[in-house]
Amino acid sequence: MAIASLLNFVGAFISLKVATTIAKGFVDTDAVTTTVVFAGLVGAIGWNVITWSYGLPSSSSHALIGGLVGSVVAAAGWSAVNGAGIVGTLIVPAIIAPIVAFAAAGGSILLVYRIVGRLRPGPVSRGFRLGQLASGGLLALSHGTNDAQKTMGVITLALVAHGNVSASNFQVPDWVVISSASAISLGTFTGGWRIIKTLGTRIISMDPAQGFAAQGAGAAVILAASSVGYPLSTTHVISGGIMGAGAAKRFSAVRWGVAGNIVVAWVLTLPAAAVFGALVYALATLFGNGVGGPIVITLLLLAAVATTFARRIAQAQPAPITS
Amino acid sequence: MIRAAIDTNALLKMVYSSILASVTIAVVFATAILGAIRASEMRRAHRSVATVAYATVAVVGVLFAASVVVYALVLITRKG
């Protein structure tokens with residue numbers, strides 16, 4: 001986990017194309033205010049919390065963009081949204097990338113089995129376990145290149161809205177790159193094992209060769225997408241890779257019900273997060289156009305988080321012993 | 001409108017480069033594993049020429065897979 005988080009950190013410095021797409025590709029920067037960015041983020045967090053509580057594997061990346069688009073629409077109308085940019089650089093790549101990962105992983109594992117199929121399985125598995133250290137590391141690196149940049153894009157958008165960064169001479173400040181890289185690597189270090197457990201066991205139980213093929217395909221797709229500036233859902237891409245590696249070996253080995261849930265959550269995320277973003281923006285502006293709205297909403301969110309934690313702690317307490 | 005919004009070149013580049021890279025690395029690494037296992041078997045059978053040949057396949061395979069990864073990262077870093 002430490003190596004994965006370190007590679008996440010390094011990956012964030014490889015390219016800045018995705019950050020530029022997020023900051024400039026989807027909404028008119030003139031329509032973006034700090035309240036719009038705040039509402040977009042809270043909308044995305046709200047949708048993520050709901051999907052997590054129901055166990056639906058949704059994409060935080062799509063929630064982030066959906067929330068932002070929703071709050072911009074609420075603030076400045078549909079004309080402030082770059083529909084062509086959303087279709088061309090978000091929706092179409094989001095549909096194609098998991099399919100490519102599926103095909104790449106499936107094709108890879110079929111060829112791999114052809115090459116090593118007649119060898120003793122023990123040494124083959126040991127070999128691919130070693131290979132997985134490299135392919136897993138590459139996947140962590142690719143995750144850093146794509147996902148950390150989304151955070152950079154949103155922070156830079158807030159800086160543009162506040163006047164700290166020029167929209168015409170757009171550049172992601174170094175401190176934004178370093179802080180986003182640190183945040184994603186800390187997130188992987190503290191909670192990454194939950195995602196690994198879900199993806200590694202719930203869709204299909206894999207052998208090391210399948211894991212190698214799925215990780216390699218996922219990393220290749222994410223790195224290729226980052227190089228052309230496509231903000232992908234890394235969860236969807238690696239899920240596509242896992243399903244491809246599983247289906248190529250035995251179609252029925254994949255838990256297609258879980259795969260279906262991923263697709264449902266994926267389709268719902270953009271519009272649902274947009275609705276949440278718009279609602280949060282409307283709520284924030286009830287308190288005026290200044291910082292009043294965001295402060296009130298932040299206090300409400302903190303109260304909700306504190307209540308949730310208090311309930312969890314109360315539920316975890318053992319029942320008192322009565323005689 | 002949708003067709004105009006899509007950068008077909010970028011999309012095709014993402015598709016073919018990712019498929020090519022992942023399939024190449026998987027095949028080369030599997031060949032390296034094949035080489036390593038066969039080299040071990042040949043060594044136990046005291047067939048030294050075959051041992052060296054298979055060990056070379058293993059080493060070249062691992063080095064080639066690693067160089068493909070490094071080359072891809074260098075390309076991305078230059079363009080990023």
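Which side chains meet in a salt bridge at 3.0 Å, N to O? In this predicted model, the side chains of B:Glu41 and B:Arg38 do so. Both residues belong to helix α2 of chain B, which spans residues 8-44, and because they are three residues apart in that helix, about one helical turn separates them. B:Glu41 is partly exposed, since its relative accessible area is 22%. B:Arg38 is likewise partly exposed, with a relative accessible area of 25%.

Over all chains, a search of the whole structure finds two salt bridges. Another salt bridge is found in chain A, where A:Lys150 pairs with A:Asp147 and the closest N and O atoms are 2.6 Å apart. These residues lie in helix α6 of chain A; as A:Lys150 and A:Asp147 are three residues apart there, they too are separated by about one helical turn. A:Lys150 and A:Asp147 are both buried, whereas B:Glu41 is partly exposed, as is B:Arg38.

The interface between the two chains is considered next. Contact between them involves 39 residues of chain A and 34 residues of chain B. The size of an interface is often given as the accessible area lost when the parts come together. For chain A and chain B the buried area is about 3000 Å², and carbon and sulfur atoms give 82% of that area. Zero salt bridges are found across this interface, and one residue pair is counted in polar contact between chain A and chain B, with both residues at pLDDT 80 or more. On the side of chain A that touches chain B, at least two residues each are supplied by α5 (83-116), α6 (121-162) and α8 (208-228) of chain A. The largest share of this side, 15 residues, comes from α5(A). By residue class, the side of chain A that touches chain B comprises 29 nonpolar, eight polar and two charged residues.

In soluble globular proteins, nonpolar side chains tend to be buried together. The largest nonpolar core of the model holds 41 residues, and the members that touch the most other members are A:Phe26, A:Val27, A:Val32, A:Val69, A:Val72, A:Met152 and A:Val172. At least two residues of this core come from each of α2 (17-24), α3 (34-53), α4 (60-76), α5, α6, α7 (174-201) and α10 (256-285) of chain A. The contacts of A:Val172, leaving aside neighbours within four places in sequence, are with A:Leu16, A:Ala19, A:Met152, A:Thr156 and A:Val177. Another core, of 37 residues, lies apart from the largest one and includes A:Ala97, A:Ala104, A:Ala225 and A:Val237.

Helix α2(A) has five listed positions in the interior: A:Val18, A:Ala19, A:Thr21, A:Ile22 and A:Ala23 are its buried residues. The elements that cover these buried residues include α4, α5, α6 and α8 of chain A.

A:Ala101 lies in helix α5 of chain A and counts as buried because its relative accessibility is 0%. Not counting residues up to four places away in sequence, A:Ala101 touches A:Ala217, A:Val221, A:Val237, A:Gly240 and A:Gly241. The C-alpha atom of A:Ala101 is separated by 35 Å from that of A:Leu279, a residue 178 places away along the chain. A:Ala94 is also in helix α5 of chain A and is buried, given its relative accessible area of 9%. Apart from neighbours within four places in sequence, A:Ala94 is in contact with A:His62, A:Leu232 and A:Trp266. Although A:Ala94 and A:Val237 are 143 residues apart along the chain, their C-alpha atoms are separated by 8.5 Å.

In chain B, B:Thr51 is placed in helix α3, which covers residues 48-79. B:Thr51 counts as buried because its relative accessibility, 15%, falls under the 20% cut-off. With residues up to four places away in sequence not counted, B:Thr51 touches B:Ala39, B:Met42 and B:Arg43.

Definitions and conventions. Residues are numbered from 1 along each chain as its sequence is written. Chains are lettered from A and ligands numbered from 1 in the order in which they are written. This is a predicted model: local features need pLDDT of at least 70, side-chain atom pairs count only at pLDDT 80 or more; totals for chains, interfaces and linings use all residues. Side-chain values use heavy atoms; hydrogens and water are left out. Contact means heavy atoms within 4.5 Å. Buried area is the accessible area (1.4 Å probe) that two parts lose on being put together, summed over both. A salt bridge is a side-chain nitrogen of Lys or Arg within 4 Å of a carboxyl oxygen of Asp or Glu. A polar contact is a pair of N or O atoms within 3.5 Å; within protein, one must be able to donate a hydrogen and the other to accept it, and residues adjacent in sequence count only if both atoms are side-chain atoms. Helices (H or I, at least four residues) and strands (E, at least two) are DSSP runs, numbered from the N terminus. Ala, Val, Leu, Ile, Met, Phe, Trp, Tyr, Cys and Pro count as nonpolar, Asp, Glu, Lys and Arg as charged, and the others, Gly among them, as polar. A nonpolar core is a set of buried Ala, Val, Leu, Ile, Met, Phe, Trp, Tyr and Cys residues joined through side-chain atoms within 4.5 Å. Buried means under 20% relative accessible area, exposed over 50%, partly exposed in between (1.4 Å probe, protein chains only).
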